[in-house]
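Please look through the following structure with care before reading the notes.

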Amino acid sequence: MTKTLSKMAVEVLTTADGRAKTALSHQHAAAWFASREAGTPIPLGNSAPPLRPSRPEKPEQLDPRNVPRRRPGSEQGRLAMLHAVGHIELNAVDLHWDIIARFTDVDMPLGFYDDWVKSADEESKHFNLICDSLEAKDSFYGAMPAHAGMWRAAEDTADDLMGRLAVVPMVLEARGLDVTPGMIKIFQQAKDQQTLDALEIIYAEEVGHVAYGSKWFNFLCGRHALDPKQTFHDLVQKYFHGALKPPFNEEKRADAGLPPDFYWPLSDQEPPAYAR
Ligand SMILES: [Fe+2]
Ligand SMILES: [Fe+2]
């Protein structure tokens, strides 16, 4: 009997070690795409994901206010930044497998699963690239404390697929598009080619994850005859705590199907005339 896709997702979610989690994630993604190619897709099944994914004992997870701040220009500052990116990538691996197993009661086309399996596979690569870069600097993922509370968005939207799409890919991952160019500049100045190569891959592939979010969000708005912009505003206000922070990467957000009048009105600044 073949394992179901939701069972495969639960296996990834309940694996604690980062390298082991991402190895399993790659393996299951390859199995899914092989089954799609063969025209015999692995059945979805209905294995229930854990409320929270398993994570390694280290890093210690602290309230963001208690995570020590380091100067971004210093070597320690760059290491801390890389470590924080690694933490985000590992969280993203779990988020993408979670959306696959969490909403099996909502009837979605197979392309929905293709998109999130591909995203989970890419996040697994991102995590490993960042780990490699940390290890090349005699550090490792787990060497520094990390932000607690990253899973909150997943818990808050555990019963609401449209809320999940609005908050995770369309707000949190879109934020990644805003901040990555600044990080790339920092590592250019430091002449750290290994990290630059990793960040360029991450930057290019994250556009796709945001695009999958807006694609399936719009799909569901169509199914339920909802106005996408108004629904996005309502759901972000319901589930996301705080305002969105400009400056926005309007060009990459547009590539990902996010128009300015979706996100600007949710910021704490006066939107430009074109974004109201
Ligand atoms: Fe990523
Ligand atoms: Fe992503």
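This is a predicted model: local features need pLDDT of at least 70, side-chain atom pairs count only at pLDDT 80 or more; totals for chains, interfaces and linings use all residues.

Residues are numbered from 1 along each chain as its sequence is written, and chains are lettered from A and ligands numbered from 1 in the order in which they are written. The protein chain holds ten helices and two strands, where helices (H or I, at least four residues) and strands (E, at least two) are DSSP runs numbered from the N terminus.

**The whole chain**

- Read from the N terminus on, the elements of the protein chain follow the order α-α-β-α-α-β-α-α-α-α-α-α.
- Taken along the principal axes, the box filled by the C-alpha atoms of the protein chain is roughly 55 × 50 × 30 Å.
- Among contacts with a separation of 6 or more, 77% join residues 24 or more positions apart, a contact being two residues whose C-beta atoms, placed from the backbone, lie within 7 Å.

**Helices H3 and H6**

- Helix H3 (residues 75-102) and helix H6 (residues 161-189) have axes that come within 12 Å and cross at roughly 155°, the axes being lines fitted to C-alpha atoms over the stretch in contact, with angles running from 0 to 180 degrees between N-to-C directions.
- Because of that angle, H3 is roughly antiparallel to H6, since angles under 35 degrees count as roughly parallel, over 145 as roughly antiparallel, 65 to 115 as roughly perpendicular and the rest as oblique.
- On the H3 side the contact is made by Arg78, Met81, Leu95 and Ile99, and on the H6 side by Arg164, Val168, Met183, Ile186 and Phe187.

**Two residues of helix H2**

- His26 is placed in helix H2 (residues 18-37), and because it has 15 C-beta neighbours inside 10 Å, His26 counts as partly exposed.
- Leaving out residues up to four places away in sequence, His26 touches Asp121 and Ser124, and the C-alpha atoms of His26 and Glu122 are separated by 8.6 Å although these residues are 96 residues apart along the chain.
- Ala20 also lies in helix H2, and with 13 C-beta neighbours inside 10 Å, Ala20 counts as partly exposed.

**Backbone details in loops**

- Lys58 and Pro59 are joined by a cis peptide bond with omega about 5°, and Pro59 sits in the loop between H2 and strand S1 (61-62).
- The peptide bond from Pro246 to Pro247 is cis as well, with omega near 5°.
- Asp138, in the loop between helix H4 (110-136) and strand S2 (146-147), has a phi near 60°, a positive value in a residue other than glycine.

How values were computed:
A residue is buried if 20 or more other C-beta atoms lie within 10 Å of its own, exposed if 12 or fewer, and partly exposed in between; C-beta atoms are placed from the backbone.
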